[in-house]
Each structure stands twice: as structure tokens, then as C-alpha cells.
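Subject: Structure handover

Hi,

Here is the structure I promised to pass on to you. Please open it alongside this message, and I'll walk you through what turned up.

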Amino acid sequence: MDAIVLQILNGLDKGSAYALIALGLTLIFGTLGVVNFAHGALFMIGAFCAVTFSRILTWSHTVIDETKKDFLGNPLKVEVPHIYDLFGQATGDAIIDWAVPLSILFSIPVMLFVGYAMERGLIKHFYKRPHADQILVTFGLAIVLQEIIKYYYGANPIPTPAPAVFAGSFDFGALLGFDPNTIIYPYWRLVYFAFAALIIGAVFAFLQFTTFGMVVRAGMADRETVGLLGINIDKRFTIMFGIAAAVAGLAGVMYAPINSPNYHMGMDFLVLSFVVVVVGGMGSLPGAVLAGFLLGILESFASMAIVLDTLPGLNQIIIYLVAIIILLTRPRGLMGRKGVMED
Amino acid sequence: MSTSNFTRRGVLKTSALAGAGVALPTIFTASSAAAYMNEPKGSTVTLGFNVPQSGPYADEGADELRAYELAVEHLNGGGDGGLMNTFSSKALKGNGILGKKVEYVTGDTQTKSDAARASAKSMIEKDGAVMITGGSSSGVAVAVQALCQEAGVIFMAGLTHSNDTTGKDKKANGFRHFFNSYMSGAALAPVLQKMYGSDRKAYHLTADYNWGYTTEEAVKSSTEAMGWETVNAVKTPLTQTDFSSYIAPVLQSGADVLVLNHYGGNMVNSLTNAVQFGLRDKQVNGKNFEIVVPLYSRLMAKGAGANVKGIFGSTNWHWSLTDEGSKAFVKSFGEKYGFPPSQAAHTCYVQALLYADACERAGTFNPCGVVEALEGFEFDGMGNGKTLYRAEDHQCFKDVLVVKGKENPTSEFDLLEIVEVTPVEQVTYAPDHPQMAGGELGTCNPGA
Amino acid sequence: MLGLDKKDYTLLLIVAGLTMLAPFILNPFPEGSGLAQFNAGYPDLMQRFVIFGIFAIGFNILFGLTGYLSFGHAAFLGVGSYAAIWMMKLLTTNVIPAMVMAVIIAGLFALIVGYVSLRRSGIYFSILTLAFAQMSFAMAYSVLTPLTGGETGLQLKIADARILDGALEAGEQARANLFGLNMSSSYEMSVGSWLFTFNTGYYIAALVMLASFYLAIRIFRSPFGLMLRAVKSNQNRLNYTGLNPRPYTLAAFVISGMYAGLAGGLMVAMDTQVGPERMFWTASGEVVLMTILGGAGTLIGPVLGAGLIKYMENILSKINKDILHQWFAFLPDGLEDFIITLVYPFIGKGWHLTLGIIFMMVVIFLPGGLVEGGQRIAKLFKGKDADEDGAQTKPAE
């Protein structure tokens with residue numbers, strides 16, 4: 001019992017990451033009809049916003065400490081962050097400790113700009129082109145973006161810890177009346193789950209309850225008619241692309257403490273997020289979110305030792321197996337609309 | 001049947017450089033002229049450095065390449081001579097190898113066996129390389145080693161830790177200086193017993209591929225031999241990035257030690273996740289919960305950041321060793337590049353020197369001569385103490401380091417501290433040990 | 001001739017000429033010169049050119065004609081490779097049974113995958129094929145290790161059974177051969193300071209590719225090919241005429257899977273080893289990129305695309321800083337360093353960056369792929385006539 005509760009919890013947490021990425025991807029599919037293979041790269045850039053921001057905070061000058069030696073026997077050079085000089089060491093350390101949450105503020109303008117620049121500079125010219133061309137150009141862009149990151153940050157993962165207050169884990173077991181230590185969950189992952197829920201809720205509320213969102217939804221359903229009504233739908237779609245990029249970026253920022261960011265983390269997520277979007281159904285935002293959580297939970301169950309003892313290797317293929325079954329029983333995924341990306 | 005042969009290239013290269021073009025077309029089949037594959041006939045010899053330059057191990061590959069460049073510099077008489085000064089064999093004189101200046105070509109393995117073989121083949125077929133070395137995974141090492149055996153050149157493995165490389169997939173033309181899974185298990189177990197006692201329950205998470213299997217088996221059998229119980233061993237997919245669903249159930253299982261048989265990105269993520277779950281703050285069965293990482297590397301430690309603190313593992317070599325060889329290598333590497341070398345850099349540098357030395361002692365680049373010179377070769381002064389290249393499986397036997405994540409690092413390179421230097425006797429095994437069973441060394445292949 | 005019209009026949013002759021003379025064409029620079037770095041006329045790369053050419057031609061039969069974008073074609077290549085190496089391990093090192101078995105097994109696998117996946121279209125189809133391929137990769141890497149060798153893959157070993165072959169002499173190794181003709185044997189010809197290598201394996205692979213190319217032309221020009229194009233342009237209309245397109249698309253899928261299997265079998269014949277990364281989704285993506293880069297729906301395009309990507313992977317990645325210093329040594333020091341700093345990010349370990357930029361450039365400026373670039377150049381030279389000349393290589397749509 002406790003094992004099952006634990007894996008549901010786990011699946012919800014995993015699923016929130018999938019849902020968040022798939023949501024951004026679907027926004028772009030749904031609004032612009034573009035297959036964006038660079039979406040994983042946006043997620044990766046988001047994570048590197050967190051890395052960059054903490055590098056800015058720890059920007060240092062060197063002080064030579066004569067009392068200590070470095071590996072060659074020369075006097076040790078100690079890096080002292082400028083922030084110590086500004087606020088003193090204690091406050092400085094506290095600020096550095098909170099680098100990841102603080103970098104949300106830094107990443108939103110960066111991601112909006114990256115999204116805007118991508119749409120205006122490149123994607124805009126590909127609305128009328130075949131999906132294959134869109135795939136090629138965005139895949140090329142993804143490679144270029146990740147190679148640039150690799151050039152400056154190297155290929156090794158870069159540890160980007162969460163603030164110290166979120167270290168350790170919360171004991172759900174004790175709360176629910178199970179034995180202590182049986183159902184524990186890290187605080188930061190709970191924060192991630194709450195954050196994802198917040199963002200998903202915000203995006204839905206924005207589309208559902210604002211005039212802007214209403215127009216965008218109308219444009220998704222029938223772009224031409226909305227255009228004929230004299231509404232500049234292109235401009236709104238550009239903004240939606242920026243928002244989608246920001247959603248992907250925020251997912252990346254908050255993910256940085258969970259897995260140390262590296263330059264190819266976007267590619268690792270790309271295939272998975274496409275599977276999530278398609279299983280959810282093309283063009284359906286609720287579908288993407290639902291599929292994200294569904295696949296997250298199933299993946300968690302498939303990784304249980306009991307399951308693996310009876311079906312070895314199930315954890316390797318569960319996502320794809322589920323995708324095949326769903327697509328065969330429900331032709332357009334869970335909640336797909338007819339005619340979207342079917343030709 | 002005649003096999004392909006490219007020994008003309010060496011001649012052509014030099015003659016073209018000297019401007020001595022041949023006026024009339026000369027047509028001939030090549031195999032008649034050469035004694036062995038890619039025999040260097042001019043004043044230079046070409047070595048092939050095949051390392052990952054793209055993909056997740058690119059940084060490790062970059063460090064390997066730095067080491068090779070340093071080795072070439074030293075072999076050609078430049079720099080401070082590095083380990084050549086401390087090496088017990090004095091055959092190398094700093095005038096290249098057998099009087100020929102050492103040149104090199106580089107390639108990208110992408111950490112994929114197909115790409116690695118393509119790159120190695122281009123070095124053999126196009127550039128006339130007489131030896132291939134490098135790599136950062138066992139899959140690549142086994143693939144390239146098999147290729148070198150077929151083509152008739154020497155393969156000096158880089159970083160490869162799976163038992164298979166010198167176990168079931170061993171080849172006469174291939175040599176490994178790096179240690180292996182068995183040695184990790186044998187070295188770690190006594191230290192773990194000393195630190196954590198002999199009544200422990202271990203839970204293994206294992207990367208679901210060959211290296212993971214051999215490492216799990218090695219650690220399991222060594223720890224069980226000293227009284228530990230293995231509660232469970234769960235396989236995790238190579239492509240897994242978030243290990244939460246594997247780590248969450250660990251505490252429920254009643255285990256009090258978690259062994260992470262992961263490498264590279266897998267290890268960085270699984271360790272980070274495990275620490276996030278607060279496992280190390282827990283008490284199980286009245287004991288502190290502990291985590292063990294059988295194979296450590298500094299680059300991985302760097303990726304996992306503060307999470308490595310206090311966690312035990314094993315490495316082939318570490319720059320903080322204080323023997324003469326290690327000091328000399330750290331000095332020449334550090335002065336050239338500004339930071340201490342990684343264990344990958346060390347093993348690659350040593351492999352390049354060992355190959356050069358074997359050629360000198362054999363008096364030829366002929367792979368069969370080199371094999372003969374390396375088999376059963378005993379040496380010292382290369383940073384690992386007295387070392388033997390065993391003839392039966394072409395594996396180096398030397399001391400193994402047990403290390404621990406440092407609590408108070410003084411720099412970004414100072415992440416591990418040496419806990420114990422496990423003497424070579426303790427990690428030596430019989431060539432037909434069950435963990436190495438199967439496979440045949442075969443006979444050396446000189447190509448032509 | 002050969003059942004082809006004049007234009008197709010000329011194209012076939014050109015391709016035949018190019019492949020047969022490849023050792024000359026790909027080695028334009030003399031040995032030892034600075035530019036020799038760009039020579040691609042060594043056996044391994046030439047073999048890869050034609051093998052990936054076959055793979056891309058086959059992919060194009062499906063994608064170029066029917067418009068179905070498979071994202072899992074590497075699985076068929078991988079399955080073909082495994083079938084081939086097992087034939088060599090168990091039966092004989094002769095490459096013929098290996099290649100035949102590779103085609104058959106890949107065809108059967110494609111039949112299963114195609115039968116299931118073709119029930120959906122568009123991106124749903126793409127994801128289904130992707131799912132099958134990823135499952136194949138994941139299982140080959142892990143649970144199927146006894147069958148596939150797992151991470152380290154399979155190679156020929158001394159202890160293999162090889163029922164049909166006699167025992168090896170002492171010190172002899174098992175090598176891929178065609179009735180005793182060793183795949184890795186080569187004949188070298190030096191002319192002045194040029195060195196040309198004629199490799200047995202390459203010529204066998206090249207002949208196989210020519211046959212595949214010929215077959216592809218025949219398929220493109222056949223009523224079957226027309227039917228496939230009809231599927232691409234409007235499947236609904238086809239349904240209304242009372243025709244069921246599924247058998248046609250399934251046939252195209254299986255044929256293209258067999259091409260992939262043939263490529264996989266040839267890879268093993270040229271280089272006796274298989275590893276599971278061959279089936280990873282990036283490998284499937286690569287053949288998609290090759291096809292689009294060269295020009296989807298054209299006959300020659302996919303081959304060009306395959307050539308370009310493999311050339312970059314094998315040649316560009318080998319240029320290191322040392323070589324740059326040799327090239328630019330004639331410049332004054334400051335300028336030399338400046339130029340090297342400028343060029344360095346794009347070569348050697350930065351070759352992926354250049355690849356990404358080329359993808360973007362081609363698709364932005366040459367929507368029809370490299371073939372369109374060729375047509376534009378031809379137009380410049382020939383004036384108006386070129387329009388008609390180029391017609392035969394125009395995309396199917």
C-alpha cells in the first residue's frame with residue numbers, strides 16, 4: 001500500500017515536469033501549427049538561465065592566500081564573490097543560496113525575448129512550409145543552440161542546488177499514519193509540483209478568462225475567420241510563442257536543482273515530450289497535461305522492483321508501449337482534435 | 001588472401017613534402033612491400049587519438065586529448081619530460097619513437113561504437129596510424145579493440161572499466177591500463193566493512209547495460225563475501241535522467257546502504273536525487289544510511305557538486321597522490337593547462353608512454369613485437385606503484401585507490417580525498433575467474 | 001534502355017560513373033598537402049557514403065512518395081545488422097547469406113511495424129514508428145543482451161560456430177568475404193603524389209547501391225509509384241474512387257524497411273560489428289535529415305544528403321587546432337591566431353555546430369534541398385533549357 005502511494009506521488013511529480021514541457025509544445029502546435037524540435041532546447045536554455053544567474057551572483061575576484069598552497073605548491077588563489085563586498089559574507093551567501101528561485105525573475109524576460117526572436121527571426125517564415133521543413137530547421141536550430149551552450153559551459157553537468165531550506169524530505173508516511181520513513185518526498189520536488197500546477201493553472205486561466213486568450217483560442221480554431229474580423233492574429237501568436245518559450249524556460253529553471261543541467265538535457269526530453277503531446281492529442285492543452293501526468297505515473301509504477309521482477313525491462317519501454325496502445329485505441333490520442341497534423 | 005595495406009602513405013607523405021613527386025604513374029599492389037600494417041617508412045610515425053569530443057563525455061575526452069598532446073610533446077623531447085623521468089624503463093630518449101618524430105591525428109568517438117569505429121578506420125586507412133588509443137566507455141573500447149585486431153594495429157584502451165574489455169572481449173592487439181569492475185569491488189569491500197561494519201543490507205541500482213552488470217556482480221560478490229546482504233538490485237535504463245522512482249522505495253526495503261552502479265550522467269543524476277531524498281540523514285536498522293558509488297571520476301564528482309561529500313568510491317588514480325610519478329605528471333600537466341589532470345588524462349598519458357616504450361624495447365612498430373614487449377612487462381614510476389601488464393589478458397595489475405568525497409574542498413578540482421591505497425595483491429584475480437570467463441585472446445595480428 | 005526513359009537512363013549512368021570513379025573523385029588533393037585533410041577517398045568513408053545512400057533511397061520511397069514520415073527507420077537498419085552478424089557467426093562469413101537474411105528479417109519486422117503504424121497518419125504515424133524504434137533500442141541495449149550483445153554489441157569471434165566454413169588456421173581471423181574475396185582487401189594506385197585506393201568492399205557495396213538505385217527509379221516510374229504519389233497528394237480522393245490505399249502504403253513501408261535492412265546488412269559486411277546505438281532515435285532522425293537535406297521526393301537527393309552528413313561527420317570532426325596552425329602558418333602571428341580563433345569553434349569538436357547551421361541554411365534558402373541548389377546552378381549555366389532538364393529530379397509534388 002505505502003509503496004503504491006509513494007509511486008503515485010512520484011508519478012505526479014514526474015508528470016508535472018512532462019506536463020509543463022508538453023504544455024508549451026502544444027501551445028506552439030495549436031496556435032502556430034509548427035512542429036518545434038527546438039522546444040527541448042528552450043527547456044535547456046531555461047535551466048542554463050539558472051546556471052548563468054548563479055554564476056553572475058558568484059562573480060568573483062581573486063585573493064591570494066599565502067597560508068594555503070594549490071596543487072602545484074604555489075600560493076592558493078581564493079575566489080571571493082563581489083557580492084560579499086556589497087552585502088557582507090552572510091547576506092551574500094544567503095543570496096547565492098537562493099540563486100535558483102531568484103533566477104525565475106531573470107529567466108522570464110530572457111525566455112520571452114528568446115521566444116520572440118525565434119518566432120520573428122525564423123519560425124514566422126515556416127508557417128506555410130511542410131512539417132518536414134519545420135522539423136529540419138528547428139532541429140538545426142536546436143543543435144546550434146546546444147552547441148553554443150556547450151562551447152561556453154562545457155559538456156559536464158553543472159550542479160545547481162536548491163536553497164538549503166529545501167534540503168531533505170518531507171515524511172508523508174507519518175502524516176498519513178504509515179510507519180515513519182516509508183513515504184518520504186524531497187521538499188524541492190514538492191515545490192516543483194506546486195510550481196508546475198501554478199503555471200499550468202495560470203496558462204489555462206489566461207486562455208480561458210482574458211479577452212486576449214479568447215481571441216487566441218478563436219484563432220486556434222479558425223485562424224482565417226479571426227483574421228477576416230480585422231484582428232491582428234499574427235501579433236498575438238507571436239506573443240503566445242514567447243509565452244510558450246517562457247513556460248519551457250521556467251520548467252527548466254526549476255528543474256535545475258533536480259538534475260544538474262547539461263547541454264544535451266533538452267534532447268533527452270525532446271522525444272519524451274513529443275510522445276506526451278501526441279498521446280494527449282494534437283492541439284489539446286488539457287490532453288497534454290493529462291497525458292503528462294498519466295505517463296509520469298505509469299513510468300513510476302513500471303520502475304517498481306516487484307514489477308521488474310516479473311517483467312524485466314518494462315521500465316525501458318513503458319512510455320512507448322502505452323503510447324502505442326493509446327494511439328491504437330484512440331486514433332487522435334486522449335483528447336485530440338480532428339484534422340490537426342493528420343496529413 | 002591479401003589484406004588492405006596503406007604503408008605507402010608514410011612514404012608518399014614525406015616525399016610529397018620534400019617535393020619529390022614521381023613523374024610516371026606507378027601501379028602496384030601494396031601488400032608486397034610492407035612487413036606490417038601502416039609501417040612508418042618516413043621520418044615520422046602517426047598515432048591515432050580517438051576520444052569523445054561530442055556527446056555527454058566530451059569534457060572527459062577533452063582531458064584525454066590534453067594528456068595525449070602532453071605525451072607527444074614529451075616523447076618528442078619537449079617540455080619537462082613528465083613521467084619519462086620517473087618511469088622505471090629508460091628506453092625512451094625524447095627523440096620520438098625509434099628516432100621517428102611522433103605525429104598524431106584526432107577523431108570523435110561520439111561515445112557510439114559505430115562512430116568510434118568509423119573514426120578509427122579513417123585513422124588507419126587514411127592517415128596511416130599505427131596505434132589507436134583513447135575512449136571513455138566500455139562499449140566503444142570493445143568495438144574499437146575488435147577493429148584494431150582485425151586491421152592489425154595496436155589498441156591502447158583509454159577509460160574503460162567493464163570487466164569485458166579484458167575479459168570475454170579481450171583481444172591480442174588490445175591493452176588496458178585502467179582498472180576494472182572486479183578490482184573496484186575487491187578494493188572497496190574491505191574499506192566498507194571497516195567503515196560501515198559487516199552487518200549491512202545493500203540495495204543496488206544498476207545501469208541496465210554490460211558495464212552495469214559487471215560492476216553490480218563485482219560489488220555484490222565482494223560485499224556478500226564479507227557478510228553483507230543484498231536486499232535488492234534494480235536495473236535502470238541508460239536514458240533515465242530522473243531516478244526518483246527508483247530511489248523513493250529504497251527506504252521501504254529495509255536496506256541501509258545504497259550502491260549506485262552508475263557512471264557519467266547517470267551517476268551524477270542518481271546521486272543528486274538520492275541526496276535530495278535525504279537518504280543520508282536517515283537512520284535504518286539503527287545505523288546511518290550510507291551511499292556508495294563504485295566508480296568515481298573527478299568530472300562526475302564535479303557534476304554532482306556538494307552531493308559527493310563523504311561518499312565512498314574507487315578510482316584508478318588521483319592527482320593528490322604523492323609518489324614521484326604522480327607528482328611529476330601533475331606538475332607538467334598543471335603547468336601546461338593550469339589545473340590538475342583527471343584519472344582519464346592519467347591513464348591515457350601512461351598508455352601513450354607505455355606504447356612508445358614497448359616499441360623502443362621491441363625495436364619495431366610491428367604489432368607483434370609490441371605485444372611481445374608489453375606482455376608480462378613490469379614497470380614502476382607511473383603513479384600507480386609497481387604495475388604488471390599481464391600476458392594472459394593484457395590487463396594492468398596495480399594498486400587501486402579507494403576515495404571519499406571531500407567535506408571541505410579548497411578548489412573545484414579538490415573534490416576527492418584518498419582513503420586507502422589498496423595493494424595490488426588484494427585486487428589480483430586468476431585469468432579464468434568466473435567474472436572474466438569466456439573469450440579468447442587470440443594471436444597478435446600485424447595486418448599485412 | 002533497361003526499361004528507363006532517356007533522362008532516367010542518363011541519371012543512372014551518371015550515378016554509375018560517379019560511384020565507380022569515386023576513389024578518384026573523392027581524392028582530389030595530393031598526399032601530404034595541407035588539403036589532403038579533405039580527401040574522402042578511403043574505403044571506410046566511401047563504403048559509408050553508399051550504404052547510407054541506400055538507406056536514404058529506401059527512406060525516400062516511403063517519405064518522398066507517400067509523405068508518411070517514419071521516425072523509426074533506424075530500427076530496420078539495426079535489425080538487419082543483427083540478422084547479418086548472426087548469419088556470419090553461425091553460418092558462414094560469406095556476405096551473401098548475411099545480406100539476404102538482413103533484408104528478409106528487416107522486411108518482416110517492417111511488415112509488423114508498418115501494419116500497426118499505418119492505421120494512423122500524420123504525426124500519429126510518426127510517433128508510432130518512433131515508439132517501436134525506441135523500444136527496439138532500449139531492449140537491445142539491456143534485456144536482450146544475450147541476443148544483441150547489449151552495449152558492447154556483437155563482433156565476429158574466433159569461437160563462433162560458422163557451420164559452413166572450415167576451421168580457421170591458427171592465427172587466422174574470421175573475415176567477411178564474398179566467396180573468398182576479402183572485403184577489406186584493396187588495390188592501391190599511385191599517380192605522382194596522389195594515391196588512390198580501390199577497395200573490394202566498396203565496389204561490392206557500390207554495385208548493390210546501383211542496383212537499389214535502379215530499382216528505386218523503376219518504382220518511382222511505375223504505376224505503383226503513381227499510386228503512392230496519389231496517397232500523398234490526396235488520400236481522401238483516393239478513398240472516394242473506391243481504392244484502399246493501405247496495401248500500397250504498407251508495401252512501400254515494407255520495401256523501404258527492406259532497403260534499410262539491406263543497408264544494415266552491408267554495414268556488417270563492410271565492418272563486422274553491430275551496436276544498439278544504430279537504432280537510437282537520433283539515427284532515425286539522421287536519415288530523415290539526409291533525405292530532406294538532399295531533396296525529398298527526388299531520386300538523387302537522398303544520396304547527396306547522406307554524403308554531405310557523413311562527410312561532415314568523418315572529415316570535419318578530425319580537423320584539430322594543430323592542423324589549423326599548419327594551414328595558416330603562412331600568415332603573420334597575430335592574424336593567424338585571430339583566424340584560428342574564428343574558425344576553431346566550427347571544426348573538430350564543434351562539427352555539430354556547423355552541421356546545425358548547414359541544416360538551417362539549406363532549408364531556409366533551398367526549400368527543395370541540395371537538388372534545388374544543383375538545379376539553380378544548372379540554370380545559371382544553361383539558361384532556360386535547364387528548366388526542362390531539371391524536371392526529372394524535381395520533388396514528387
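At roughly what angle do the axes of helix H9 and helix H11 of chain A cross? Before the answer, please keep in mind that this is a predicted model.

**A helix pair in chain A**

The axes of H9(A), residues 211-221, and H11(A), residues 233-255, cross at roughly 105 degrees and come within 10 Å of each other. Angles of 65 to 115 degrees count as roughly perpendicular, so H9(A) is roughly perpendicular to H11(A). On the H9(A) side, the contact is made by Phe212(A), Val215(A), Val216(A) and Gly219(A). H11(A) answers with Ile233(A), Arg236(A), Phe237(A) and Met240(A). Sorted by class, this contact has six nonpolar residues, one polar residue and one charged residue.

**Chains A and C as a whole**

Chain A has 15 helices and four strands. Its C-alpha atoms fill a box of roughly 75 × 50 × 35 Å along the principal axes. A compact globule of 343 residues would have a radius of gyration near 20 Å, and the 22 Å of chain A agrees with that.

For chain C, the secondary structure comes to 18 helices and six strands. The box filled by the C-alpha atoms of chain C is roughly 75 × 65 × 45 Å, again along the principal axes.

**Where chain C meets its neighbours**

Chain C touches chain A through 34 residues, which are in contact with 31 residues of chain A. Three helices of chain C give two or more residues each to this side: H6 (122-141), H12 (281-294) and H16 (351-365). Of these, H6(C) gives the most, with eleven residues. The side of chain C that touches chain A has 25 nonpolar, seven polar and two charged residues.

The contact between chains B and C takes 53 residues from chain B and 48 residues from chain C. Several elements of chain B supply at least two residues each to the side that touches chain C, among them helix H1 (8-17), strand S3 (101-108), helix H3 (113-125) and helix H6 (210-225). By class, this side of chain B has 18 nonpolar, 19 polar and 16 charged residues.

**Inside chain B**

Chain B is divided into domain 1 (8-179 + 320-393) and domain 2 (182-315 + 416-427). Taken over C-alpha atoms, the centres of the two domains are separated by 33 Å. How many residues of each domain are in contact with the other? The contact involves 16 residues of domain 1 and 15 residues of domain 2. Helix H2 (58-75) and helix H11 (343-362) of chain B each supply at least two residues to the domain 1 side. That side has five nonpolar, seven polar and four charged residues.

Chain B also has an open sheet of three strands in the order S14-S15-S16, with antiparallel pairing. Strands S14 (377-379) and S16 (396-397) of chain B are the edge strands, each pairing on one side only. S15(B), residues 387-389, is joined to S16(B) by two bridges, and these strands run antiparallel. If you want a place to look, Leu388(B) has Phe397(B) as its bridge partner in S16(B).

Definitions and conventions: Residues numbered from 1 in each chain as written. Chains lettered and ligands numbered in written order. Predicted model: local features only at pLDDT ≥ 70, side-chain atom pairs only at ≥ 80, totals over all residues. Contact = placed C-beta atoms within 7 Å. Nonpolar A, V, L, I, M, F, W, Y, C, P; charged D, E, K, R; others polar. Axes fitted to C-alpha atoms, helices over the stretch in contact; angles between N-to-C directions. Parallel < 35°, antiparallel > 145°, perpendicular 65-115°, else oblique. Pairing = 2+ DSSP bridges. Domains from an automatic or database assignment. Rg over C-alpha atoms; globule rule 2.2 N^0.38 Å.
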